[in-house]
Amino acid sequence: MMASRGYDMTPTMYSPDGRIYQVEYAMETVKRGTVAIGICTKQGVIMAVEEKPRALQTIDITQKIFQVDFHIGVAAAGYIPDARIQVDNARFFSQGNKMTYDESVEVATVAKHLADQSHQFTQYSGVRPNGVSLIIAGIDQKGESIYVTDPSGTYVQYAAVAIGASSEDVNEFLEKYYDPGMSLEDAASLAIAAINLKAEEKNGTSHVKMAKITPESKFEKVPESDLAGYSQNTSKFSS
């Protein structure tokens, strides 16, 4: 690997071997964040994250899953303060779309908007790239969908995906067990099994936070009692 030699001082400068070190550093920040997972089914979408609460922290509040609109949610991995700013941006964008066009914004449109915003932070001196990747999941007139954005400004659609720490191993696990025809309940169990694949805590569900989006109830956080039920069915996804 070539030394940075000062080429990492700004995101507007390419190194001689065609790299933008500031963007690569931001992607490394994502890899240091705990894993986040999105799974798409014909019944809806599941978002799940691993969270490590402190001893006296209230456990019913998640720091890494956000609601953007009634039909769109976000799960984040990396530097979470950057995620909050992007989610606020997405909320304003979604509300503006509703007021302008009198219809709910599409999931892909929100993903592209956030990716464009991230890309801008790679084009100007005096700023740094966002150190977070987002799973943007939801249901619109085109059906269920999941997109992932990263610090470079790229956005890609997936059927199932993991971001954050050990995401390569977790994605291999999802490739092995994901079935497009699986039920929403099986998708929730698969998400828990995928998180436990590399999690420090493999018992119980206190380290798992989850939300689902369905055509009926739209965005809804999954309560701890339901997580316990889903975790009992993770044995079918044994690695």
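**Charges overall.** I started with the charges: the protein has 22 positive and 30 negative ones, and their mean positions lie 4 Å apart. For this count, Lys and Arg are positive, Asp and Glu are negative, and His and the chain ends are left out. Each charge is placed at NZ of Lys, CZ of Arg, CG of Asp or CD of Glu.

**Ground rules.** I noted that this is a predicted model, where local features need pLDDT of at least 70, side-chain atom pairs count only at pLDDT 80 or more, and totals for chains, interfaces and linings use all residues. Residues are numbered from 1 along each chain as its sequence is written, and side-chain values use heavy atoms, with hydrogens and water left out.

**Overall build.** I found six helices and 10 strands in the protein. These are DSSP runs numbered from the N terminus (helices: H or I, at least four residues; strands: E, at least two). The C-alpha atoms fill a box of roughly 50 × 45 × 40 Å along the principal axes. I also checked the radius of gyration: the protein has 18 Å, which agrees with the value near 18 Å for a compact globule of 239 residues. That radius is taken over C-alpha atoms, and the globule rule is 2.2 Å times the number of residues to the power 0.38.

Of the 239 residues, 50% are buried. I use buried for under 20% relative accessible area, exposed for over 50%, and partly exposed in between (1.4 Å probe, protein chains only). The protein exposes about 12,000 Å², and carbon and sulfur atoms supply 50% of that area. The areas come from the Shrake-Rupley method with a 1.4 Å probe, and for residues only the protein chains shown count as cover. Next I looked at contacts (heavy atoms within 4.5 Å). Among those with a separation of 6 or more, 63% join residues 24 or more positions apart.

**Salt bridges.** Side chains of opposite charge can pair when their charged atoms come close. How many salt bridges does a search of the whole structure find? I got nine, where a salt bridge is a side-chain nitrogen of Lys or Arg within 4 Å of a carboxyl oxygen of Asp or Glu.

- E28 pairs with K31, with the closest N and O atoms 3.6 Å apart. They sit about one helical turn from each other, because they are three residues apart in helix α1 (residues 21-32). E28 is partly exposed at 39%, and K31 is partly exposed at 48%.
- D82 and R128 meet in a salt bridge at 2.8 Å, N to O. This pair links distant parts of the chain, 46 residues apart: D82 is in helix α2 (residues 80-101), and R128 is in the loop between α3 (107-120) and β5 (132-140). I noted that D82 is buried at 8% relative accessibility, whereas R128 is partly exposed at 42%.
- D88 pairs with R91, with 3.4 Å between the closest N and O atoms. Both are in helix α2, three residues apart, so about one helical turn separates them. D88 is partly exposed at 33%, and R91 is partly exposed at 28%.

Last, I picked A160, which lies in strand β8 (residues 160-163). Is A160 buried or exposed? A160 is buried, because its relative accessible area is 18%. Leaving out residues up to four places away in sequence, A160 touches G38, I39, L174 and Y178. I also looked up P180: P180 and A160 are 20 residues apart in sequence, and their C-alpha atoms are 9.1 Å apart.
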